[in-house]
Amino acid sequence: MMQLAVEVRNLSKTFSGGRRALDNVSVRIEPGEMVALIGASGSGKSTLLRHLAGLVASDRNADGCAVSVGGRSVQAGGKLSPEVRRIRGNIGFVFQQFNLVNRLSVITNVLIGTLSRLPLWRTLLFRFPEEERRLAMAALQRVGIADWAFQRASNLSGGQQQRAAIARAMVQRAELVLADEPIASLDPEASRRVMESLAELNRADNVTVLVSLHQVQFALRYCPRTVALRDGEIVFDGPSAALTPEKLGELYGSDAEELLLGEALTPNRAPRPTKIVGFPQPADGLAVAAAS
Amino acid sequence: MAPTPFFYPKAAGMAQTLDSLQVLSTRPPKSVRTSLGTVLLYGLGFAILAWSYSGADIRPWALIEDWGNMAVLGADFFPPDFAHWRYYLEEIIKTLQIAIWGTFLAIIFAIPFGLMAAENLSPIWLRQPVRRLMDALRAINEMVFAMLFVVAVGLGPFAGVLAIFIHTTGILAKLFSEAVEAIDPRPVEGIRATGANVLEEILYGVIPQVIPLWVSYSLYRFESNVRSATVVGMVGAGGIGVVLWEVIRGFYFAQTCAVMIMIIVTVSLIDLLSAWLRRRFL
């Protein structure tokens, strides 16, 4: 039996000040899925993704709260696993603000993806092995910015920086890529290219992708499955095609407009079948998730 | 009533604009309203100056009464006597060498101490003791450290190097840690998310962000350490300061003048060089 790519059980998070960011969230994602995480701003999307990467610990409650990635525990009962750094090595994280180191070259930023598997003496001396350098160049080629490899990251446009961040996740040989609003700071054309890069990574390398978005049309176009959050609770988990404007209105009320911003959504221009051919359709995962 | 006192855009209509002008005119101009506070502030400033007057023994008339003495002393300085310029030059070079090593050692030690004193990297049980230690190093002037090290390691340049090193470590560690506290945390989190360890987060995420400021601070300190190195010699810690102290004590004012001119030229050159380096690096 294959391990689940992501398993979240009864996850809750309360921030200081008492605001409940996540409320008893449970999700299961099969390897190779490409899943959208939608919701208005403040609905808990970022918080959920950051818990998956073990960047924050959940509330300390004992009732079976657990997060695991690829069958390995990231955190349980509000405590990060002692192995969390090693697990993060298998998780690529793409941030809304790219989070590259501006003064380092693009290729060095991509090579940062190899830190977790290289011996310390190499990383502390900036001595990356030849084959890792080649891997980094190949990844930059793949996302289409190889010509910028030796520029400072700050010289790139937002869309190019985001693709460099995706190249870093490729070089990491991540089994799971978590993308936190990767296109929220980008124009439509750059957004499309970034989403294409993520989709290509998912399709060609069978990498599981969980991407948070606040524009539903991108979820419809690139992700067969959508998980929808509202005020820290999962209100929908199923095929993206089921998210009609009527359904969104039912789920979010007046907030639905925020999710439909941009192009008007009409049912006949929703998911383009050509884009999602070849995706594994995780019927079992869906059924389980929908039931929980 | 009571519209907000803003100027409305033209399109908003003349009536509204007039209305808001009237509101504005009912208030006193800003300068009138703040004048009382300004008067108090000036008064406080003068009070502090008056209070310090007698303690600092300010006697401007002494300058006039003793004008003759000053003229005689000034005349003794000229013409400067450069007869021993080779010796002065050797000692000035030794002074630079003291400043170079004092600053270099300080930079090496200020890096870990600066990181340990930074609020965003270091836990409080480590940060607070390191900060207090650095405060202590900064509070004591180089001259005092120089006197102590002359006793500990003997007369000579090494005492000067140690004095400058210890004092500068305190200063640079504080400046370095402030630079670290001002970094953008997001790239560091980006590196953490790849599974990197803390050392790698600092090396790849923190250092690249602070390096321009660190270089700039280090060069500033080198400049001011060259100046400090010229005086630590006065307590026996080597360099041109020793020479300066000898010629002043021996009333060789023409030679004193020559040494001072050479110090001025050296310090100016170092300032120019370091300003040029800073421009290159930033």
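**Notes on the predicted model**

1. Let me start with the core. The largest nonpolar core has 141 residues, and those touching the most other members are A:Val6, A:Val110, A:Val177, A:Leu178 and B:Ala163. Helix α8 (residues 157-181) of chain B supplies the largest share of this core, twelve residues. As a general point, nonpolar side chains in soluble globular proteins tend to be buried together. Please keep in mind throughout that this is a predicted model.

2. Leaving aside residues up to four places away in sequence, A:Val6 touches A:Val27, A:Arg28, A:Ile29, A:Leu52, A:Val69, A:Leu176 and A:Leu210.

3. Next, the overall make-up of the two chains. Chain A contains twelve helices and eleven strands, whereas chain B has twelve helices and zero strands. Read along the sequence, chain B therefore gives a plain run of elements, α-α-α-α-α-α-α-α-α-α-α-α. Buried residues account for 46% of the 292 residues in chain A, and 32% of the 282 residues of chain B count as buried.

4. In chain A, 68% of the contacts with a separation of 6 or more are between residues 24 or more positions apart. For chain B, 70% of the contacts between residues at least 6 apart in sequence join residues at least 24 apart.

5. Now the open sheet of chain A. Five strands are arranged in the order β2-β1-β4-β5-β6, with antiparallel pairing. Which strands stand at the edges? They are β2 (20-29) and β6 (79-80) of chain A; each has a single partner strand, so one side of each is left without a neighbour in the sheet.

6. Strand β1 (residues 6-14) of chain A runs antiparallel to strand β4 (residues 66-69) of chain A, and four bridges join them. A:Val8 faces A:Val67 in β4(A), and A:Arg9 stands opposite A:Ala66 in β4(A).

7. On to the hairpin. Strand β4(A) is also joined by four bridges to strand β5 (residues 72-76) of chain A, again in an antiparallel arrangement. The hairpin formed by β4(A) and β5(A) has two residues between the strands, and A:Gly70 in the turn has a positive phi of about 60°.

8. Four bridges connect β7(A) to strand β8 (residues 176-180) of chain A, and the two run parallel. In this pairing A:Val94 has A:Ala179 of β8(A) as its bridge partner.

9. Chain A is divided into domain 1 (6-90 + 174-291) and domain 2 (103-172). Their contact takes 13 residues from domain 1 of chain A and eleven residues from domain 2 of chain A. On the domain 1 side, helix α7 (residues 188-205) of chain A gives the most, with six residues. By class, that side of domain 1 of chain A has eight nonpolar, three polar and two charged residues.

10. How do the two chains meet? Here 18 residues of chain B are in contact with 22 residues of chain A. On the chain B side, α9 (185-192) and α10 (198-232) each supply at least two residues, and α10(B) provides the largest share, seven residues. The residues on this side of chain B divide into eight nonpolar, six polar and four charged.

11. In chain B, have a look at helix α11 (residues 240-249), where B:Ile240, B:Gly241, B:Val242, B:Val243, B:Leu244 and B:Val247 are buried. The elements covering the buried residues of α11(B) include α5 (85-116), α10 and α12 (253-281) of chain B. After α11(B) comes B:Phe251, with a positive phi near 60°.

12. Finally, a word on confidence. The mean pLDDT of chain A is 84, with 88% of its residues at 70 or more. Over residues 262-292 of chain A, however, the pLDDT is below 50, and this stretch has 41 contacts in the model beyond near neighbours in sequence.

Notes. Residues numbered from 1 in each chain as written. Chains lettered and ligands numbered in written order. Predicted model: local features only at pLDDT ≥ 70, side-chain atom pairs only at ≥ 80, totals over all residues. Contact = placed C-beta atoms within 7 Å. Nonpolar A, V, L, I, M, F, W, Y, C, P; charged D, E, K, R; others polar. Pairing = 2+ DSSP bridges. Domains from an automatic or database assignment. Core = buried A, V, L, I, M, F, W, Y, C linked by C-beta atoms within 7 Å. Buried ≥ 20, exposed ≤ 12 C-beta atoms within 10 Å, placed from the backbone. pLDDT = per-residue confidence, 0-100.
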